[in-house]
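Please look at the structure shown below and keep its sequence at hand. The paragraphs that follow lead from its aromatic rings to its sheet, its backbone and finally the chain as a whole.

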Amino acid sequence: MLPSLPDIGEIHRRLQAIFPEGTPQRGYCTREMAARTVFAMLYVGATEGAGRWIGPKHVYRMGDGQAARQGDADRLAYTVAVEKPGFVAPADRWFQDNTREPIRDETLRDGLVRIGAVVTRPGLATTSSKGRYALQAGFASLFDPGLADEPLAVAIGAWQDRSLSAGALARVRLQQRSLVAAQSRVLVTLPNGESRQMEAGPSSIITKAVVEVFAPRFLGDPAVLWISESGNKVIQRDDELAQSLRLAIRTDKLLPDTILVDLAPAEPLLTFVEAVATDGPITEARRSALLELVTSAGFKHSQVAFVTAFQDRNAGAFKKAMPNLAWGSFAWCVSEPEHLIALDGKRSGGARLLSEFGGTG
């Protein structure tokens, strides 16, 4: 289903309300070019989760006549046609081809993308001519023509609270840097100072954060026993340390991306970490199988921890995996590195009283 379309004047008015004075790069986010860019995204249905994306050409090749044709068939036909070589822009086009850079660099990159109102397509090479921009889902909902007056004001206020705080903007910038970094090989620095290279990709970015940020934050004396990536390619394997722990590490599909060990406790703590960019969390079945592996080597249940690592709590991978995470495991997000999500599983039935967690203040 393509979203309903407000007129450009209404989009312009709403942008003024959504981005108040003091918003970073407010001019880029509220000018008429921004309103026409948002209209073009809504026109082709380029919203988060829809699988449709635009490039600047969808904006500067749009004209009043095309914008007035608002049936789904016309809108989808324009989406396809504008991508084809030889597309002839209409005489009433909004912008000339030389506005490509202001749309891309100012309105999108330095304006709506930086503020988190527009998301970018993951895994797309920077040189690709394919569309890479879509409206963030919550932001897109603010342009529903059926939303007006007090309900609109409440919706705008809620989006601002979620998206324009200092913390929210910092999270957006972190995610954007991760997307850029995911286009090139990833250098991971181990706790002992040695480095390893991983293939480009979002899972490698998460694994890098697990080793460089999670391990020193949550383990007293961390060491890396194992790092692998897609295709069971082994990046790091410390057989000497594994042998001293009487742990047989075999290359198979059971093992997670990373195995850490905390050597600070009198009884070392093994930590199995799965980096999830799309799928593959620590489920109950995997937790049980891994427990069997380590208990056969003489480890106690109390010497093993299980962590599923994500980029962000708002990521689709987190939302998809959360219902299937094993009790007694943990979740950790790169965007909130100081926090650890614990799924209580100390005993059957979990905690009986909230006070058993030691308070939440």
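The structure holds 12 aromatic pairs; rings of Phe, Tyr and Trp (its six-membered ring) count as a pair if their centres lie within 6.5 Å, and planes under 30 degrees apart are called stacked, over 60 edge-to-face and the rest tilted. In one of these pairs, the ring centres of Phe19 and Phe139 are 5.8 Å apart and the planes stand at 40 degrees, so the pair is tilted. Phe19 lies in the loop between α1 (8–18) and α2 (26–30), whereas Phe139 belongs to helix α8 (residues 137–141), so the pair ties together parts that are 120 residues apart in sequence. Helices (H or I, at least four residues) and strands (E, at least two) are DSSP runs, numbered from the N terminus.

The model is predicted: local features need pLDDT of at least 70, side-chain atom pairs count only at pLDDT 80 or more, and totals for chains, interfaces and linings use all residues. Residues are numbered from 1 along each chain as its sequence is written, and side-chain values use heavy atoms, with hydrogens and water left out.

Phe310 is buried at 0%, and Phe318 is buried at 9%.

Aromatic residues also gather in a group: Phe39, Tyr43, Tyr78, Phe87 and Trp94 form one aromatic cluster. Over the face of Tyr43 lies Arg75, at 5.6 Å from the ring centre. A charge sits over a ring if NZ of Lys or CZ of Arg is within 6 Å of the ring centre and within 35 degrees of the ring normal. Arg217 is likewise placed over the face of Phe218, at 4.6 Å from the ring centre.

The next topic is the sheet. Strands of a sheet pair through backbone hydrogen bonds, either parallel or antiparallel. In this structure, 7 strands form an open sheet with mixed pairing, in the order β6-β5-β7-β8-β9-β10-β11; two strands pair if DSSP finds at least two bridges between them. Its edge strands, β6 (233–237) and β11 (341–342), each pair on one side only. Strand β5 (residues 222–229) runs antiparallel to β6 and is joined to β6 by 4 bridges. Trp226 stands opposite Arg237 in β6.

Gln25, although not a glycine, has a positive phi of about 55 degrees; Gln25 is found in the loop between α1 and α2 and is partly exposed, at 36%. Asp149 also has a positive phi, near 55 degrees. Asp149 has its place in helix α9 (residues 149–163) and counts as exposed, at 69% relative accessibility.

Finally, consider the whole chain. The secondary structure comes to 14 helices and 11 strands. Of the 361 residues, 45% count as buried.

Methods: Buried means under 20% relative accessible area, exposed over 50%, partly exposed in between (1.4 Å probe, protein chains only).
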